[in-house]
Amino acid sequence: MRWLDRMVEGSARSMAKRTSRRSVVGYLGALLVGASAVPLLPVARGATPPPPKTDDKAKQVDDPTSCDYWRHCAIDGYLCGCCGGTQDTCPPGTQMSAVTWVGTCHNPLDGKDYVISYNDCCGKSTCGRCMCNRNERDTPLYIPFQSNDYNWCSGNGKANVPYHCSTARIVSVAK
Amino acid sequence: MLLLAFLSATAAAAEPAASVVTLPQPTPPHWVWINDFVFPHMVSGKAMLVDGDTGRFAGALDTGFGSMRLVPSLDGKVLYSPETYFSRGTRGERTDVISLYDTAHLSFISEIQIPAKRSSNLPMMANAQLTDDGRFLLVYNFNPGQSITVVDTHTRKFAGEIESSGCALIYPTGNRSFFSICADGALLNTVLDDTGKAKSNDRTDEPVFDVDKDPVTEKAVRVGDTWYFVSFSGLIYPVKNGTVQPAWSLLSAQEKAAKWRPGGLQQLAVHTPTNRLYSIMHQGGLYTHKDPGREVWVYDLNKRTRVQKISMQHDAGSIQVSRDAKPLMFSIFIESSVLDIYDAISGKFLRSVTDVGTTPTVLVSP
């Protein structure tokens with residue numbers, strides 16, 4: 001299902017670029033850094049009109065670095081997209097856990113439910129950025145593969161057990 | 001220079017030579033251990049000790065990577081701490097140990113090496129427990145195979161490992177017995193022999209909990225021979241000698257309609273002398289079972305009725321009640337570092353202690 005993963009992610013990413021509050025802030029920030037030697041702030045403001053008033057929550061649903069991103073409905077940890085990786089890749093120098101917990105999240109973009117695999121990235125100390133805890137369909141520790149309270153770096157080859165961050169990878173459309 | 005020399009001489013005369021505080025032993029009942037797995041820096045877990053009567057921060061221990069929780073010995077003289085270390089910080093060989101600390105000096109006594117597979121998870125009391133007589137320390141393993149490590153506290157040696165495939169955590173029921181909960185809602189009842197090996201290890205034929213409709217959380221509390229589990233919706237399931245008793249609800253129909261439900265990390269506490277159950281409550285929908293609450297509701301376990309509501313100063317995610325006749329209630333939340341202290345009988349707020357750790361998890365009474 002990697003093709004589906006890539007396809008939906010591509011869609012989400014482009015949507016995020018169009019609508020995300022974070023992307024607008026990032027763009028403004030880049031402009032400001034680039035312009036710091038000259039007083040261009042008013043120009044930058046003028047060149048980038050404020051985005052139309054829409055629901056912030058709706059924007060964050062499309063933003064992989066937001067806790068409200070639709071795939072994050074059962075995540076518990078630091079978002080890899082804020083730590084040098086993305087929602088489906090690990091940051092440099094870490095290892096992706098082979099086993100993990102799965103959740104089922106609703107994607108408001110296409111109205112479908114998806115099975116999401118929350119693979120942890122392992123081998124470095126905790127990232128510490130973009131902490132997110134949501135618990136839709138989360139189960140207690142005695143049902144491990146639907147529980148977000150485990151450190152899924154457990155038993156993970158050379159990176160057993162330091163936890164760095166969590167991804168949210170699409171496995172399939174939920175039936 | 002003359003002035004400096006005078007000040008220095010005065011200070012030297014006023015204060016004793018280098019000295020270190022010694023703590024009362026056993027640790028007084030109104031003191032509490034706050035365990036912290038320091039989520040932003042998991043390699044440096046710790047546990048902190050606070051005197052509930054004064055709010056004084058009494059000391060701390062370093063407890064390694066993904067710190068779980070301290071387990072006090074029955075005589076209150078030793079703390080057992082399941083810990084994980086790597087030979088190079090976050091790299092190199094992983095070593096798991098039970099570290100033993102002296103409660104009078106908070107100093108390291110010795111360590112017992114155990115299989116490097118203890119579970120790394122959001123800390124729960126059921127991750128590590130003593131048998132009722134204090135002889136064996138039991139530690140839950142997950143890698144992701146499941147088992148229980150047994151440590152003999154008399155010989156201070158690793159005693160063995162017991163398979164618990166499909167079943168998790170530890171709920172002691174006697175000097176040589178405990179149960180674990182299985183993924184289908186069955187119980188795995190284990191009986192130990194006097195060397196810590198499994199004499200029997202039997203799953204119940206049928207699930208005793210419905211894990212699909214309204215699962216119980218793993219954050220149960222115990223009074224005597226009964227473990228009290230609470231479901232996501234607020235049903236209390238007493239488990240007595242391996243048998244589930246009829247469930248009863250923490251909530252009236254009106255309270256349920258108003259979406260009150262229990263939640264939190266260490267969401268329940270008990271006070272055995274008065275047979276009272278304390279539950280963190282909040283208003284929220286399904287899957288808010290880990291949310292903190294601004295109220296603690298108190299129940300008489302004999303009558304199964306609520307006797308009190310306590311308004312909390314701050315969000316409460318973990319609560320603990322001291323074991324003595326005039327108990328204190330402690331409250332903290334993983335996203336805060338303020339420990340709140342209450343009179344557990346009147347519910348009166350007494351004091352707060354600030355800057356207690358980074359991501360405090362479970363509270364342990366000595």
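Predicted model: local features only at pLDDT ≥ 70, side-chain atom pairs only at ≥ 80, totals over all residues.
Strand 5 (residues 120-122) and strand 7 of chain A are joined by three bridges and run antiparallel.

These two strands are part of an open sheet of three strands in chain A, ordered 2-5-7. Its pairing is antiparallel. Strand 2 (95-96) and strand 7 (163-166) of chain A are the edge strands, and each pairs on one side only.

## Where the chains meet

Chain A puts 25 residues in contact with 29 residues of chain B. On the chain A side, 10 of these residues are nonpolar, 10 are polar and five are charged.

B:L169 has partners in both chains. Beyond its neighbours within four places in sequence, B:L169 is in contact with A:L141 and A:Y142, among others. Its partners in chain B include B:M124, B:A126, B:Y140 and B:I181.

## The nonpolar core

The largest nonpolar core has 132 residues. Which residues have the most contacts inside it? They are B:L137, B:L169 and B:V296. Strand 9 (residues 136-142) of chain B gives the most to this core, with six residues.

## Chain B as a whole

Chain B has two helices and 30 strands. Its C-alpha trace spans about 80 × 45 × 35 Å along the principal axes.

Of the 366 residues in chain B, 48% are buried. Among contacts in chain B with a separation of 6 or more, 45% link residues 24 or more positions apart.

## Strand 18 and its partners

Strand 18 (residues 235-240) of chain B pairs with several strands. Five bridges tie it to strand 17 (residues 226-230) of chain B, in the antiparallel sense. Here B:V230 has B:I236 as its bridge partner. Strands 17 and 18 of chain B form a hairpin with four residues between them. In the turn, B:G234 has a positive phi of about 105 degrees.

Strand 19 (residues 243-244) of chain B also pairs antiparallel with strand 18, over two bridges. The bridge partner of B:L235 in strand 20 is B:S249.

## A four-strand sheet in chain B

Four strands of chain B form an open sheet in the order 26-27-28-29, with antiparallel pairing. Why is one side of strand 26 and of strand 29 left without a neighbour in the sheet? Strand 26 (318-321) and strand 29 (349-353) of chain B stand at the edges, each with a single partner strand, so one side of each has no neighbour there. From one strand to the next, the twist averages 20 degrees.

Strand 26 runs antiparallel to strand 27 (residues 328-332) of chain B, and four bridges join them. B:Q320 stands opposite B:F330 in strand 27.

## Loops and backbone exceptions

Most residues other than glycine have a negative phi, and most peptide bonds are trans. Chain B holds exceptions to both patterns. The peptide bond from B:Q25 to B:P26 is cis, with omega near 0 degrees. B:P26 lies in the loop between helix 1 (2-14) and strand 1 (31-36) of chain B. B:N143 and B:P144 are also joined by a cis bond, with omega about -10 degrees. B:P144 is in the loop between strand 9 and strand 10 (146-152) of chain B.

B:R156 is not a glycine, yet its phi is positive, about 55 degrees. It sits in the loop between strand 10 and strand 11 (157-163) of chain B. B:R156 counts as partly exposed because it has 16 C-beta neighbours inside 10 Å. B:R304 has a positive phi near 60 degrees. Its loop runs between strand 24 (293-300) and strand 25 (305-316) of chain B. With 14 C-beta neighbours inside 10 Å, B:R304 is partly exposed too.

Is B:K213 buried or exposed? It has 9 C-beta neighbours inside 10 Å, so B:K213 counts as exposed. B:K213 lies in the loop between strand 15 (198-203) and strand 16 (221-223) of chain B.

Notes
Residues numbered from 1 in each chain as written. Chains lettered and ligands numbered in written order. Contact = placed C-beta atoms within 7 Å. Nonpolar A, V, L, I, M, F, W, Y, C, P; charged D, E, K, R; others polar. Core = buried A, V, L, I, M, F, W, Y, C linked by C-beta atoms within 7 Å. Buried ≥ 20, exposed ≤ 12 C-beta atoms within 10 Å, placed from the backbone. Pairing = 2+ DSSP bridges. Axes fitted to C-alpha atoms, helices over the stretch in contact; angles between N-to-C directions.
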